Amino acid sequence: MKKQTLKHWALLLVLPLCTLLAQAQSTPRHTLPALPYAMNALAPLMSQETLEYHYGKHLNAYINNLNKLIEGTAFAEMSLEEIVKKSDGALFNNAAQAWNHTVFFGGLTPKPTAIPALLEERLVRDFGSVAMFKEAFGKAATSVFGSGWTWLAEDTEGKLMIKSYPNAGNPLPEGLNPILGIDVWEHSYYIDYRNNRGAYIEAFWKLLNWNVAADRLKY
């Protein structure tokens, strides 16, 4: 009777622990980030339908693929940024797209924002004026052939530069600090602008949260 009681209490202690371990193993390491605005808040410049597909389906797919690819590997214990810096192939593509889209969506706002003084000073110093920066950035984004990204990045000396990459590329593997980026894959704008990438880029400036971009300055 005493042995049975001990076994009973042992099971009561072990079973919850096993349940917790199983839950921990089944919980995805990376999850879909919450948007800082409602799904319809960016309309008409970026429609709810675009967000439902671009954020709700495309970004979610990258995150799900990422979790599958890192399972049982050393990458499972790394931050998303670390994975982007250290991976290649399919893992890089999905990790970078998860990171890129998180920064992209997190950097938009339905309420226009002024450019904080420090970021404006840097843009004027490195591009001549804010208008000249926007023109150069727009040309770079328009010139990306096929799918890719254009970024404003900062080097370790604080110099700002425009960098474009095909597919899932971003400045992190080069040791640069991304400040803001625009997705020029067609899925990011085709619902609202069809093949008019230029109109989408113009809309991007009206949705950009300059405060978030300025907060990303490191040097």
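I take helices (H or I, at least four residues) and strands (E, at least two) as DSSP runs, numbered from the N terminus. The model is predicted, so I read local features only at pLDDT of at least 70 and side-chain atom pairs only at pLDDT 80 or more, while totals for chains, interfaces and linings use all residues. Residues are numbered from 1 along each chain as its sequence is written, and side-chain values use heavy atoms, with hydrogens and water left out.

**Entry: overall make-up**

I looked up the elements first. The protein chain has nine helices and three strands. From the N terminus, I read the order as α-α-α-α-α-α-β-β-β-α-α-α.

I then looked up burial, where buried means under 20% relative accessible area, exposed over 50%, and partly exposed in between (1.4 Å probe, protein chains only). Of the 219 residues in the protein chain, 42% are buried. The accessible surface (Shrake-Rupley method, 1.4 Å probe; for residues, only the protein chains shown count as cover) is about 11,900 Å² for the protein chain, and carbon and sulfur atoms hold 58% of that.

For contacts I use heavy atoms within 4.5 Å. Taking contacts between residues at least 6 apart in sequence, I find that 67% join residues at least 24 apart.

**Entry: the sheet**

I count two strands as paired if DSSP finds at least two bridges between them. The three strands form an open sheet in the order β2-β1-β3, with antiparallel pairing. β2 (160-166) and β3 stand at the edges with a single partner strand each, so one side of each has no neighbour in the sheet. Neighbouring strands are turned by 25° against each other on average, direction ignored; the axes are lines fitted to C-alpha atoms, for helices over the stretch in contact, and angles run from 0 to 180 degrees between N-to-C directions.

Strand β1 (residues 148-154) and β2 run antiparallel and are joined by seven bridges. In one of the pairs I looked up, E154 has L160 in β2 as its bridge partner.

**Entry: helices on the sheet**

α4 lies across β1 and β3, at about 70° to β1. Helix α5 (residues 117-127) also packs on the sheet, where it touches β1 and β2 and makes about 80° with the direction of β2.

I checked the length of α4 (residues 89-106). The expected span is 1.5 Å times one less than the number of residues; for its 18 residues that is 26 Å, and the end C-alpha atoms are 26 Å apart, which agrees. Of the 18 residues of α4, 13 are buried.

**Entry: S188**

Is S188 buried or exposed? S188 is buried, at a relative accessible area of 1%. I place S188 in the loop between β3 (177-183) and α7 (190-193).

A polar contact is a pair of N or O atoms within 3.5 Å; within protein, one must be able to donate a hydrogen and the other to accept it, and residues adjacent in sequence count only if both atoms are side-chain atoms. The S188 side chain reaches the backbone oxygen of W185 at 2.6 Å, and a polar contact of 3.5 Å joins it to the side chain of Y200. Apart from neighbours within four places in sequence, S188 touches T50, H54, D183 and Y200.

**Entry: backbone details**

The peptide bond between A43 and P44 is cis, with omega about 5°. P44 is in the loop between α1 (2-26) and α2 (48-70).

N167, in the loop between β2 and β3, has a positive phi near 55° and is not a glycine. N167 is partly exposed, at a relative accessible area of 43%.

R194, in the loop between α7 and α8 (197-207), has a positive phi of about 55° and is not a glycine. R194 is partly exposed, at 49% relative accessible area.
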